[in-house]
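Q: Could you walk me through the packing in this one?

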Amino acid sequence: MNRFFQPIILVTLLLVVVIGQLIPSISKKPRFFVQKTEVETEFARAVFEKKLSNSPLSDYRIDWFELTSSEIITQFLPDKLEPILYSSSDVLEIQSIFVKSVPTDLEKLPSGEKKAIFVRFMLPLILKSNEEIWKQRQTLYMAQKKDDFETIKRIAGKYAINTDEKDMDEIITLAKHRVLPVPTSLALAQAAIESGWGTSRFSMEGNALFGQWAWSAEAGIKPLDASNNRAVIRRFSNLQGSVKYYMKNLNTHNAYEDFRKLRWSYIEKEKWPNGIDLAPSMHPYAEIGEHYIAVIKDLILQNQLLRFDYSQLVN
């Protein structure tokens, strides 16, 4: 009898020990089963992503952008730059390769090839600057949800909002209107106009793509025909700096309040605006005023720049 029960007792004790070891690991989910918390999408970003998901790229005609060969492109840009690809949702996938200065001898190329190279090195710069703005907007959005007023004030300060003279509701409203990207088609058009598709003296010597003024001789390059003796075209250490300053200018300067209001009016209606939509607010940008609006619109339409609003950076 004792011999019969002794093995059973030993087996039972062994099972108790094994089960005791397993219970803690069973009660805890393995790491690969832990659900990730999804980042809540802010309203303006949702409007933008909705636009991206409805890409009309297949409707555009083939032109200089597609017809310029990779061999020509890599003569002027990094050789690791690959042909443009399209995502499954028909969005242009742009490599995260950032050119620091304008390639030389662009002016010697045929018009189509010059434009293609210009667009290829401009797209990553524009998309990167816009992504930085999107990150700031998401931080602003989360700070508002948490009543994190210090973070709200810090971001507002970066966008030239005087936080000492305004209450929090007004600060948040102004920040919502200012902390927003610039449509890619508009940025491309203005860079092409102001830099002559990357061939101007200012773009070559000072990485100045957008013809932005400064009032100190050491800050820029003296134009030949400036109406103000102190005026210079602002110089930048690299092209990315020029793009960032351009976007900051549109998002903060009093002259572009109409631009910001017009942009927000589209977003409120759940439509992400393009360069044609916002061109009417660009009359303060150049001395030719209202005619400048027509120049922007014509350049966008003639070169099908609206297609580049459907672009995203990839690694």
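**Core and helix packing**

A: The largest nonpolar core has 78 residues, and Phe121, Met122 and Tyr246 have the most contacts inside it; such a core is a set of buried Ala, Val, Leu, Ile, Met, Phe, Trp, Tyr and Cys residues joined through side-chain atoms within 4.5 Å, where buried means under 20% relative accessible area with a 1.4 Å probe, protein chains only. The largest share of this core, 14 residues, comes from α5, helices being DSSP runs (H or I, at least four residues) numbered from the N terminus.

Q: What are we looking at, and how is it numbered?
A: This is a predicted model in which local features need pLDDT of at least 70 and side-chain atom pairs count only at pLDDT 80 or more, while totals for chains, interfaces and linings use all residues. Residues are numbered from 1 along each chain as its sequence is written, and side-chain values use heavy atoms, with hydrogens and water left out.

Q: What does Phe121 touch?
A: Leaving aside residues up to four places away in sequence, Phe121 touches Leu77, Val99, Val102, Pro103, Leu106 and Leu239, contact meaning heavy atoms within 4.5 Å.

Q: Switching to α8, is that mostly covered or uncovered?
A: Mostly covered, since ten of its twelve residues are buried, among them Thr184, Leu188 and Ser195.

Q: And which residues of α5 meet α8?
A: Phe118, Val119, Met122, Leu123, Ile126, Leu127 and Asn130 in α5 meet residues of α8 including Ala187 and Ala191.

Q: What comes just after α8?
A: Gly196, which takes a positive phi of about 60°.

Definitions and conventions. Buried < 20%, exposed > 50% of the residue type's maximum accessible area, 1.4 Å probe, protein only. Helix = DSSP H or I, 4+ residues; strand = E, 2+ residues; numbered from the N terminus.
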